[in-house]
Structure formats: C-alpha cells, structure tokens
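I opened the notebook to record what I looked up in this structure, one topic per entry.

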Amino acid sequence: MIKFLEKVQPTKMVPWVYDVYEIIEEEVCVGHIVYRYGDDDLLKYSGHIGYTIDEEYRGHHYAAKALKELLGIIALEEVIITCDLDNIASQKTIEKCAVVHKEKVVGIQDPEYNQGLWRYRVRKS
C-alpha cells in the first residue's frame with residue numbers, strides 16, 4: 001500500500017513538483033515512491049516515477065506493487081520511468097507493468113547518467 005507523505009515544490013536543483021509516498025507493508029515503511037509532475041526535457045532522463053526500497057526489504061516485489069498502485073491513481077495515461085543500465089532489479093520491476101516502449105539512452109551529458117540508462121514508456125493497465 002502507498003501512503004501520501006508530502007508534495008515537494010520546485011527548487012533550483014529539482015525543477016519540478018513531485019509527490020512523495022511511503023510504501024507500507026504490514027504497517028512498516030519499506031521504502032518510498034515519487035511521482036514527478038510535468039513533461040519537460042529533464043523528465044526524459046529522470047522519469048515521472050522513481051522509487052527506492054530499504055535494503056532489508058528488497059526482493060519481495062514491494063516496488064512493483066507500489067508502482068502498479070501509483071499508476072492507478074495518477075492522471076497521466078502514460079509515464080516515463082528510467083533506470084540505470086545495470087539495475088536488473090529495477091528493470092524487472094518496471095517490466096511487470098504495461099511497458100509500451102523500451103529504449104537504451106547513451107551519450108547523456110550528465111555525470112549521474114554517464115553510462116546511459118533504460119527509458120521505458122509505461123501505460124496504465
């Protein structure tokens with residue numbers, strides 16, 4: 001289950017509004033998922049949705065459940081979700097959803113993504 005935590009306003013470092021949700025399993029926060037509003041060039045690399053699961057809770061598909069739940073409540077019919085090329089767990093999480101397109105993006109002029117990333121277009125199922 002996801003539980004709304006806060007709405008974060010844009011800053012110089014993060015130029016979009018985003019909602020933060022806790023991922024709750026058996027009354028324990030196991031991680032967080034965020035939904036970034038907008039459709040600008042930066043979101044092509046950061047994606048509309050990002051998530052993290054605390055290390056001790058990984059391997060239980062909590063991120064996939066939270067992702068499906070979030071897709072069910074947001075307004076967009078299709079979102080961009082990205083992950084590092086070597087993040088196999090995140091690739092599997094995203095691919096449990098209704099992926100309509102997957103592409104490898106390389107040559108990004110940002111040190112955070114210097115190895116490239118996978119960019120998925122995911123549709124509400």
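Which residue stands opposite Ile 49 in strand 4? I looked, and Tyr 35 is the residue opposite Ile 49. I note here that the model is a predicted one.

**Entry 1: strands 2, 3 and 4**

Strand 3 and strand 4 run antiparallel and are joined by 5 bridges. On strand 2 (residues 18–25), I found an antiparallel pairing with strand 3 (residues 28–36), over 8 bridges. I checked Glu 25 and found its bridge partner in strand 3 to be Val 28.

**Entry 2: the turn**

How many residues lie between strand 2 and strand 3 in the hairpin? I counted 2 residues between them. Glu 26 is in this loop between strand 2 and strand 3, and Glu 27 lies in the loop as well. I looked up the phi angles next. Glu 26 is not a glycine, yet its phi is positive, at about 50 degrees. For Glu 27, also a residue other than glycine, phi is positive and near 65 degrees.

Is Glu 26 buried or exposed? Its relative accessibility is 77%, so I wrote it down as exposed. Glu 27 is exposed too, with a relative accessible area of 80%.

**Entry 3: rings**

I searched the whole structure for aromatic pairs and got 2. One of them is Phe 4 with Tyr 21, an edge-to-face pair with 5.6 Å from centre to centre and 75 degrees between the planes. Phe 4 belongs to strand 1 (residues 2–8) and Tyr 21 to strand 2, so the pair ties together parts 17 residues apart in sequence. Tyr 21 is buried, at 10% relative accessible area, whereas Phe 4 is partly exposed, at 44%.

I then looked for charges over rings. The charged end of Lys 102 sits over the ring of Trp 118, 4.2 Å from the ring centre. Arg 119 lies over the face of Tyr 45, 5.6 Å from the ring centre.

**Entry 4: salt bridges**

How many salt bridges are there? The count comes to 5. In one of them, the side chains of Asp 19 and Lys 7 meet at 2.8 Å, N to O. Asp 19 is in strand 2 and Lys 7 in strand 1, 12 residues apart, and the pair links distant parts of the chain. I looked up both accessibilities: Asp 19 is buried at 5%, and Lys 7 is partly exposed at 41%.

Next I looked at Glu 78, which is linked with Arg 121 and Arg 123 in a network of salt bridges. The side chains of Arg 121 and Glu 78 meet at 3.7 Å, N to O. Arg 121 is in strand 7 (residues 117–123) and Glu 78 in strand 5 (residues 78–84), 43 residues apart. The side chains of Glu 78 and Arg 123 meet at 2.5 Å, N to O. Arg 123 lies in strand 7 and Glu 78 in strand 5, so this pair ties together parts 45 residues apart in sequence.

Glu 78 is partly exposed, with a relative accessible area of 25%. Arg 121 is partly exposed at 35%, and Arg 123 is partly exposed at 41%.

**Entry 5: His 60**

Where is His 60? I found His 60 in the loop between strand 4 (49–53) and helix 2 (62–73). It counts as partly exposed because its relative accessibility is 42%.

Technical notes: Residues numbered from 1 in each chain as written. Predicted model: local features only at pLDDT ≥ 70, side-chain atom pairs only at ≥ 80, totals over all residues. Heavy atoms only, no water. Helix = DSSP H or I, 4+ residues; strand = E, 2+ residues; numbered from the N terminus. Buried < 20%, exposed > 50% of the residue type's maximum accessible area, 1.4 Å probe, protein only. Pairing = 2+ DSSP bridges. Phe/Tyr/Trp six-rings, centres within 6.5 Å; stacked < 30°, edge-to-face > 60°. Lys NZ or Arg CZ within 6 Å of the ring centre and 35° of its normal. Salt bridge = Lys/Arg side-chain N within 4 Å of Asp/Glu carboxyl O.
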